[in-house]
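Thanks for coming. Please have a look at the sequence and the model on the screen, and then we will go through some of the packing.

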Amino acid sequence: SRFWAGASSGSDGSDSDSDSASSGDEKAKAKADRWAVDSDSESEEEERKVVSAKDKAWIDMESDVKAVRNYMKNNDWAQIQETFDALNRKIEKQANLIAKEGGVPKFYIRILAELEDLLAEQLKDKALQKKFNKANGRAFNRMKLNLRKHNAKYEAEIKAFRENPEVSEDEAGEEEDSDSEEDSEDESDSNSDSDSDSDSDSDSSSDSDSDASE
């Protein structure tokens, strides 16, 4: 009986050692998982910090430029003026950074040139101006008075842009998206016309069959 007791005691000890080892493995695994999570978190923070002050400012301004361009498509001069004013406030706020980077970004010069062109075009279109609501008409007149004066500060840059237009990758992608939307609409219209012609041919064929049977 002493032998069996000893054997039993040894077995208990073995089980205890096994449980202890298993517990140790779990703790080590948990610690490793926690380290991995902490490491991922630190990596994400580092990635967020990588965005420079210049990139952040440029992204913010380019967002306004895109908004202005969208409003231009709809002749929404009230929104054009409001967003353009907000953009110019950001330009003034980042004056030191802009000077350090060698001048205003090219996408800003491009929107100034585009606004000039749109304004000149619509100043000739009296019929279109009559369709403007009160807010749109007021904003249009204000842009007419202020844009030329504002753009005079960037006359050399605008002239250089017109002589050699440069489009950023983001703006190029934006134009491609716009072109693809227009192509899609044209294709849809074409398919609609094709279906209409097909229906017309089918009706004609049906009438012909009916005349033949009579």
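Which residues in H3 and H7 meet each other? From H3 there are Trp-77, Ala-78, Ile-80, Gln-81, Phe-84, Asp-85 and Asn-88, and from H7 there are Ala-135, Asn-136, Ala-139, Phe-140, Arg-142, Met-143, Leu-147 and His-150. Contact here means heavy atoms within 4.5 Å. The residues of this contact divide into nine nonpolar, four polar and two charged. For that division, Ala, Val, Leu, Ile, Met, Phe, Trp, Tyr, Cys and Pro count as nonpolar, Asp, Glu, Lys and Arg as charged, and the others, Gly among them, as polar.

Some background on the model. It is predicted, so local features need pLDDT of at least 70 and side-chain atom pairs count only at pLDDT 80 or more, while totals for chains, interfaces and linings use all residues. Residues are numbered from 1 along each chain as its sequence is written, and side-chain values use heavy atoms, with hydrogens and water left out. Helices are DSSP runs of H or I, at least four residues, numbered from the N terminus.

Now the geometry. The axes of H3 and H7 come within 8 Å and cross at roughly 40°. Axes are lines fitted to C-alpha atoms, for helices over the stretch in contact, and angles run from 0 to 180 degrees between N-to-C directions. H3 is therefore oblique to H7; angles under 35 degrees count as roughly parallel, over 145 as roughly antiparallel, 65 to 115 as roughly perpendicular and the rest as oblique.

H3 also packs with H2, at an angle of about 160° and with the axes 9 Å apart. H2 and H3 are therefore roughly antiparallel. The residues of this contact divide into eleven nonpolar, two polar and three charged.

Next, the largest nonpolar core, which has 32 residues. Such a core is a set of buried Ala, Val, Leu, Ile, Met, Phe, Trp, Tyr and Cys residues joined through side-chain atoms within 4.5 Å. Buried means under 20% relative accessible area (1.4 Å probe, protein chains only), exposed over 50%, and partly exposed in between. Among the members that touch the most others are Trp-77, Ile-109 and Ile-111. H5 gives the most to this core, with nine residues.

Last, Phe-161 in helix H8, residues 155-163. Phe-161 is buried, at 15% relative accessible area. Phe-161 and Ile-109 are 52 residues apart in sequence, yet 7.3 Å apart in space, C-alpha to C-alpha. Beyond four places in sequence, Phe-161 touches Ile-109, Arg-110, Ala-113 and Glu-166.

Key
Helix = DSSP H or I, 4+ residues; strand = E, 2+ residues; numbered from the N terminus.
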